[in-house]
Amino acid sequence: MRVLLLGANGFLGRHVADRLLADPAVQLTALGRGDDADVRFDLAAGSPGALTRFLNAVHPGVVINCAGATRGGARELARHNTVAVATVCESLRRSSCGARLVQIGCASEYGPSQPGSSTAEEAVPRPGGPYGVSKLAATELVLGSDLDAVVLRIFSPAGPGTPAGSPLGRLAEAMRRAMQAGDTELKLSGLGVQRDFVDVRDVSRAVHAASLSAAQGVVNIGTGRAVRLRDAAAVLARVAGYGGSIHELDAAAARGGLGGAAEHLGIQPGYPYPDGCGSWQQADVRTARDRLGWRPRINLEESLADIWMEAACRI
């Protein structure tokens with residue numbers, strides 16, 4: 001099976017590439033902006049015609065799109081997350097390869113959820129920020145393209161390679177600095193937020209399964225269990241061997257100028273989470289089980305242990 005992978009150098013893309021390379025039945029070609037891509041091409045700036053010619057030459061059976069941006073202004077997010085997907089869809093429509101498209105979406109497309117609820121694919125999306133809006137627009141382009149396509153809405157990926165700017169990445173870095181400095185007290189804001197953390201290696205398995213399946217439409221990829229960041233912090237402390245105390249700042253303290261004594265995980269209590277999803281998000285994963293034959297295997301403790309191993313290496 002010939003697979004064209006877009007965005008192979010990103011957090012998710014690297015793990016998807018590893019998974020595909022381990023399958024002897026897959027012939028993988030990576031396309032991206034970096035020098036280490038098999039083919040250099042900027043999806044946000046390149047023309048559909050140029051990409052169509054490449055598709056006709058390579059003739060992949062599956063195109064997996066892990067490319068995109070998670071940070072930046074609304075214009076940059078729209079260019080990398082929406083315009084780029086429009087280019088991919090138009091190129092596939094023009095191409096003679098007839099490839100299946102696996103598009104990587106995200107839970108930010110849903111926006112805030114009712115605490116205690118599980119978000120199913122039928123939920124009406126109400127993204128709470130420009131990132132979610134740009135990803136939702138990409139999903140709508142894919143669903144309206146008449147291509148053989150599936151969109152995997154990934155909830156909160158964790159594990160090896162977790163970006164340092166993500167909540168779990170910042171949490172590990174804050175704990176590393178506290179241990180290095182011998183601090184016996186760690187003050188953190190936003191620990192009440194709850195997210196459905198799914199290991200990135202399980203995500204790569206889901207992508208592989210989706211590329212082989214006939215599933216179409218939207219499929220959630222998560223664990224089906226929301227975890228409070230406060231509980232994740234406690235697990236990380238145990239994994240790291242941090243014996244100090246962890247205190248959560250309330251909203252007033254987080255805004256009150258505690259300076260270097262406080263660690264902000266990109267979250268302010270009482271304010272929207274940077275992903276636009278509010279205080280709670282949990283996936284309904286029955287569709288992934290029924291249509292992809294996929295279930296998560298790696299627990300959060302293992303994901304956090306890998307995150308900590310990478311953070312500890314920076315000491």
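Biologist: What makes Q103 count as buried?

Modeller: This is a predicted model, and in it Q103 has a relative accessible area of 2%. Buried means under 20%, so Q103 is buried. Q103 is found in strand β5, residues 100-106.

Biologist: Which side chain makes a polar contact with the side chain of Q103, and what makes it a polar contact?

Modeller: The partner is N65, and the two side chains are 2.9 Å apart. The cut-off is within 3.5 Å for a pair of N or O atoms, and 2.9 Å meets that distance. Leaving aside neighbours within four places in sequence, Q103 is in contact with N65 and also with V85, K135, A138, V142, V150, V151 and L152.

Biologist: Now the helices. Why are α2 and α3 called oblique to each other?

Modeller: Helix α2 (residues 48-58) and helix α3 (residues 74-94) pack at about 50°, with axes 8 Å apart. Roughly parallel needs an angle under 35 degrees, and roughly perpendicular begins at 65, so α2 and α3 are oblique. The crossing is right-handed. Among the residues that meet are L51 and L55 in α2, and V88 and L92 in α3. By class, that contact has five nonpolar, four polar and two charged residues.

Biologist: And why are α1 and α6 oblique?

Modeller: The axes of α1 (residues 11-21) and α6 (residues 200-212) cross at roughly 60° and come within 9 Å. Since roughly perpendicular starts at 65 degrees, α1 and α6 are therefore oblique. Their crossing is right-handed. The contact includes F11 and L12 of α1, and V203 and V207 of α6. The residues there divide into seven nonpolar, three polar and three charged.

How values were computed
Residues are numbered from 1 along each chain as its sequence is written. This is a predicted model: local features need pLDDT of at least 70, side-chain atom pairs count only at pLDDT 80 or more; totals for chains, interfaces and linings use all residues. Side-chain values use heavy atoms; hydrogens and water are left out. Axes are lines fitted to C-alpha atoms, for helices over the stretch in contact, and angles run from 0 to 180 degrees between N-to-C directions. Helices (H or I, at least four residues) and strands (E, at least two) are DSSP runs, numbered from the N terminus. Angles under 35 degrees count as roughly parallel, over 145 as roughly antiparallel, 65 to 115 as roughly perpendicular and the rest as oblique. A crossing is left-handed if the near helix is turned anticlockwise from the far one by less than a right angle, and right-handed if clockwise. Contact means heavy atoms within 4.5 Å. Ala, Val, Leu, Ile, Met, Phe, Trp, Tyr, Cys and Pro count as nonpolar, Asp, Glu, Lys and Arg as charged, and the others, Gly among them, as polar. Buried means under 20% relative accessible area, exposed over 50%, partly exposed in between (1.4 Å probe, protein chains only). A polar contact is a pair of N or O atoms within 3.5 Å; within protein, one must be able to donate a hydrogen and the other to accept it, and residues adjacent in sequence count only if both atoms are side-chain atoms.
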